[in-house]
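Colleague: Let us go through this model site by site. Please bring it up first.

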Amino acid sequence: EVKRSGRNSFMEYSPSFEEKNVSKIILFEDLKKAVEEDELLLHFQPKYGLAHNHIVGVEALVRWEHPEKGMISPGEFIPLAEESDLIIQIGNWVLREACHQYKAWEQHSYINFHLSINISPKQFLHPNFTDTIIQIVEETDMSPAKLDLEITESLAIENTESTIEKIKVLKQYGIQISMDDFGTGYTSLSYLSMFPLDRIKIDRSFIQYLPDNQDHLAIVQSILTVAKNLDITVTAEGVETQEQVALLSTLQCEEVQGFYFSKPVPAGSLLAHWNAQLMSM
Ligand code: C2E
Ligand code: MG
Ligand code: MG
Ligand code: MG
């Protein structure tokens, strides 16, 4: 927003502290209501295996259709929810809903891709986290081996011991663990060997300027080399161009996800993508 000050000069309009807080409180109250009244929904973005160009997984991404403001991005409301226990409620809703959806897809088609769910740090750090996950998996009859939880790097830095413990419990139960947005935190590559991970997802910021950016190319190559030695699958996030696909393929990156292949779509469209692929197999 800009306010006019004088003839040709514009001044940044910055809302006051009170204004910001009032709108934040209103949005928070709306979000609480949205959760209670079931106004959240899920979209799904496919993840492709580069070897065969097939869907190997789908990531559930939460959406909020605000009655007046329209679609609000999770980048905006997830951080807000994270400031309170509301994130626990949202996180559980997302997991339950996504597992129900997966079971519904199974009823309509032969599917063998996995389902990825984003887990917020606060949710992961909750003392009941692993119990709650296992409880929802049982309640929805989801196959643990088809479930993949995306955690973030920040957990790996600050709560190493208990994080490893929780990951082990989930892995023993058969659930896959991925580290999301890799490279944005301060984890060094040597950290990777400490965590029993199935997958790391290289953050979009390192993919975005490929193939031109030589520094990013070097970073991506290093991640791929270390991950290969540790037997961890790598997904490149935010792939948008044919050039990026070609490069990642040459570098033998196993999995790719991004607008080049598909944006996040409603459940019905996701199944249509999958069925079209089955037909061509
Ligand atoms: P994320 O988990 O890293 O998800 C990837 C985000 O990048 C998604 O944004 C997706 O739409 C977007 N994206 C995918 N491919 C491309 C691409 O090629 N180009 C560009 N520009 N963007 C791409 P979205 O859905 O807005 O989600 C943003 C973030 O919000 C997610 O990042 C995740 O951290 C968080 N989030 C979303 N759903 C949930 C959820 O259910 N629970 C939690 N805790 N966080 C969630
Ligand atoms: Mg994610
Ligand atoms: Mg990500
Ligand atoms: Mg990301």
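Colleague: What spacing do the donor residues of the magnesium ion (ligand 3) show in sequence?
Modeller: This is a predicted model, in which local features need pLDDT of at least 70 and side-chain atom pairs pLDDT 80 or more, while totals for chains, interfaces and linings use all residues. Residues count from 1 along each chain as written, chains run from A and ligands from 1 in written order, and side-chain values rest on heavy atoms, without hydrogens or water. Asp180 (OD), Asp181 (OD) and Glu237 (OE) coordinate the magnesium ion (ligand 3) at 1.8 to 2.4 Å; donors are N, O and S atoms within 2.8 Å of the metal (3.2 Å for Na, K and Ca), and sites may look incomplete because water is not among the atoms. Along the sequence, the spacing is D-D-x55-E.

Colleague: What spacing do the donors of the magnesium ion (ligand 2) follow?
Modeller: Four residues coordinate this ion: Glu59 (OE), Asn118 (OD1), Glu150 (OE) and Asp180 (OD). Their distances are 2.0 to 2.3 Å. Along the chain the spacing reads E-x58-N-x31-E-x29-D.

Colleague: Which residue coordinates both the magnesium ion (ligand 2) and the magnesium ion (ligand 3)?
Modeller: The two ions lie 3.5 Å apart. The bridge is aspartate 180.

Colleague: How many residues apart in sequence are the parts that asparagine 118 and aspartate 180 tie together?
Modeller: Asparagine 118 lies in strand E6 (residues 114–118) and aspartate 180 in strand E8, so the pair ties together parts separated in sequence by 62 residues. Strands (E, at least two residues) and helices (H or I, at least four) are DSSP runs numbered from the N terminus. The answer is 62 residues.

Colleague: Which element gives the most residues to the shell around ligand 1?
Modeller: The shell has 21 residues, the closest being Arg63, Asn118, Asp180, Glu240 and Phe259; a residue counts if a heavy atom lies within 4 Å. A polar backbone atom of phenylalanine 259 is 2.8 Å from an oxygen atom of ligand 1. Strand E4 (54–66), helix H2 (74–81) and strand E8 (176–182) each give two or more residues. With four residues, the top contributor is E4.

Colleague: At what distance is a polar side-chain atom of glutamine 45 from a nitrogen atom of ligand 1?
Modeller: A polar contact is an N or O pair within 3.5 Å; within protein, one atom must be able to donate a hydrogen and the other to accept it, and sequence neighbours count only through two side-chain atoms. Glutamate 59 has a side-chain N or O atom 3.0 Å from an oxygen atom of ligand 1. For glutamine 45, the distance to the nitrogen is 3.1 Å.

Colleague: Which residue has a positive phi although it is not a glycine?
Modeller: Most residues other than glycine have a negative phi. The exception here sits in strand E8. Its phi is about 55°, and it is aspartate 181.

Colleague: Which two residues does a cis peptide bond join?
Modeller: Look in the loop between helix H8 (204–207) and helix H9 (214–229), where proline 211 lies. Omega is about 0° for the bond between leucine 210 and proline 211.
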